[in-house]
There are 2 protein chains.
Amino acid sequence: MADWHPFAGRTSVEQVEEGKLLAPKFDTNGFIPVVTTDAETGEVLMMGVMNEDALLETIRTGDAHYWSRSRKCLWHKGATSGFIQKVVEMRIDDDQDAIWLRVAVEGSASCHVGYRSCFYRSVPLDSDKAPIELSFTETVKVFDPVEVYGDAPNPTQL
Amino acid sequence: MADWHPFAGRTSVEQVEEGKLLAPKFDTNGFIPVVTTDAETGEVLMMGVMNEDALLETIRTGDAHYWSRSRKCLWHKGATSGFIQKVVEMRIDDDQDAIWLRVAVEGSASCHVGYRSCFYRSVPLDSDKAPIELSFTETVKVFDPVEVYGDAPNPTQL
């Protein structure tokens, strides 16, 4: 990858917003946020970040790669679980500081807790409770995380 | 809002992932990332961030509120343009550090450049060009940004 430099510089607002050259902006940590949706259902599966290598690997291979902030390494999504995300379409936003991946998921699961989507709970609007009570939108897990991940550390941080 | 404290503390991974209490995690800048999709089409319209006030105002009013990083203020989306986002459903992810809003947009536009979605360009996969050339997925603007925003500063930063 070291020899491939496919990103353009960012020279003007007009070029970034209206131009045809890929000129992504990484934040001060070197990350660009990514939202990943199921290409068929439109459901949001997960949000993550890429660093430059993860973006290049995703473009090069067609498999979604992220930067794992909990493990601090390049993350080929599904390498452990088998739930590889094949990219059907990649989009970039107006100021080129966010990525949208539309993917097909082998095994139909994307969440380390065992659900299809990471977004398996909804937040009621206009609640006057404190604390607010969530509702589960997925009630059945599609896989057993203990079977799939064994005793690998849980990435959730408090 | 100062008297309403509807967020639970984060006491264990199990409580955060499997529990029913809203216990959002804001990053070191006080932000939580948000992805917003069109409730009808599933299209990703934009990505942004909320601070605690923006999340509370969104829950309280049912209109999407964000934190504007370019203007450094609470941002009632559509207050200037008229393109208010009515929240149809709000979801939170497994470790409660990301929000998904499904919205209905008055006026069907969400992008300050004039397009329906901020993600109006796709990135080809398996390209060997350098720099990579984007394709426009929306070719016609749905509004004229100069008419709508006048001479307000463009939020895009290089």
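Predicted model: local features only at pLDDT ≥ 70, side-chain atom pairs only at ≥ 80, totals over all residues.
Residues are numbered from 1 along each chain as its sequence is written, and chains are lettered from A and ligands numbered from 1 in the order in which they are written.

**View 1. The fold of chain A.**
Chain A has three helices and eight strands. Both kinds of element are DSSP runs numbered from the N terminus: helices are H or I with at least four residues, strands are E with at least two. Read from the N terminus, the order is α-β-β-α-β-β-β-β-β-β-α. Along the principal axes, the C-alpha atoms occupy a box of roughly 50 × 40 × 30 Å. Chain A has 158 residues, and 41% of them count as buried. A residue is buried if 20 or more other C-beta atoms lie within 10 Å of its own, exposed if 12 or fewer, and partly exposed in between; the C-beta atoms are placed from the backbone. Two residues are in contact if their C-beta atoms, placed from the backbone, lie within 7 Å. Among contacts in chain A with a separation of 6 or more, 40% come from residues 24 or more positions apart.

**View 2. The rotation axis.**
A rotation of 180° with 0.0 Å of shift along its axis places chain A on chain B, with an RMSD of 0.0 Å. The two copies are thus related as by a two-fold rotation axis. The superposition is by least squares on the C-alpha atoms of residues with pLDDT of at least 70 in both copies. Of the residues of chain A, A:Gly42 comes closest to the axis, at 2.5 Å for its C-alpha.

**View 3. The face of chain A that touches chain B.**
The contact takes 52 residues from chain A and 52 residues from chain B. Elements of chain A that give two or more residues to this side are α1 (13–18), β1 (32–38), β2 (44–50), β5 (85–92) and β7 (121–123). The largest share, five residues, comes from β5(A). By class, the side of chain A holds 29 nonpolar, 11 polar and 12 charged residues. Here Ala, Val, Leu, Ile, Met, Phe, Trp, Tyr, Cys and Pro count as nonpolar, Asp, Glu, Lys and Arg as charged, and the others, Gly among them, as polar. The copies meet through the same surface, because 100% of the interface residues of chain A are also interface residues in chain B.

β7(A) runs antiparallel to strand β5 (residues 85–92) of chain B, joined by three bridges. Strands pair if DSSP finds at least two bridges between them. A:Ser122 has B:Arg91 in β5(B) as its bridge partner. B:Arg91 also stands opposite B:Trp100 in β6(B). Seven bridges join β5(B) to β6 (residues 99–105) of chain B, again antiparallel. These two strands form a hairpin with six residues between them. In the turn, B:Gln96 has a positive phi of about 55°.

**View 4. Helix α2 of chain A and its packing.**
Helix α2(A) spans residues 52–61, and its buried residues are A:Ala54, A:Leu55, A:Glu57, A:Thr58 and A:Ile59. They pack against β1, β2, β3 (65–68), β4 (73–76) and β5 of chain A, together with β7 (121–123) of chain B. A:Gly62 follows the helix, with a positive phi near 80°.

**View 5. The largest nonpolar core.**
The largest nonpolar core has 76 residues. Such a core is a set of buried Ala, Val, Leu, Ile, Met, Phe, Trp, Tyr and Cys residues joined through C-beta atoms within 7 Å. A:Val34, A:Met50, A:Ile99, B:Val34, B:Met50 and B:Ile99 touch the most other members. Beyond its neighbours within four places in sequence, A:Met50 has contacts that include A:Phe31, A:Leu55, A:Trp67 and A:Ile99.

**View 6. Backbone details in the loops.**
The peptide bond from A:Ala130 to A:Pro131 is cis, with omega near -5°. A:Pro131 sits in the loop between β7 and β8 (135–136) of chain A. In chain B, the bond from B:Ala130 to B:Pro131 is cis too, with omega near -5°. A:Lys72 has a positive phi near 55° and is not a glycine. A:Lys72 belongs to the loop between β3 and β4 of chain A. It counts as exposed, with 8 C-beta neighbours inside 10 Å. B:Lys72 has a positive phi of about 55°.
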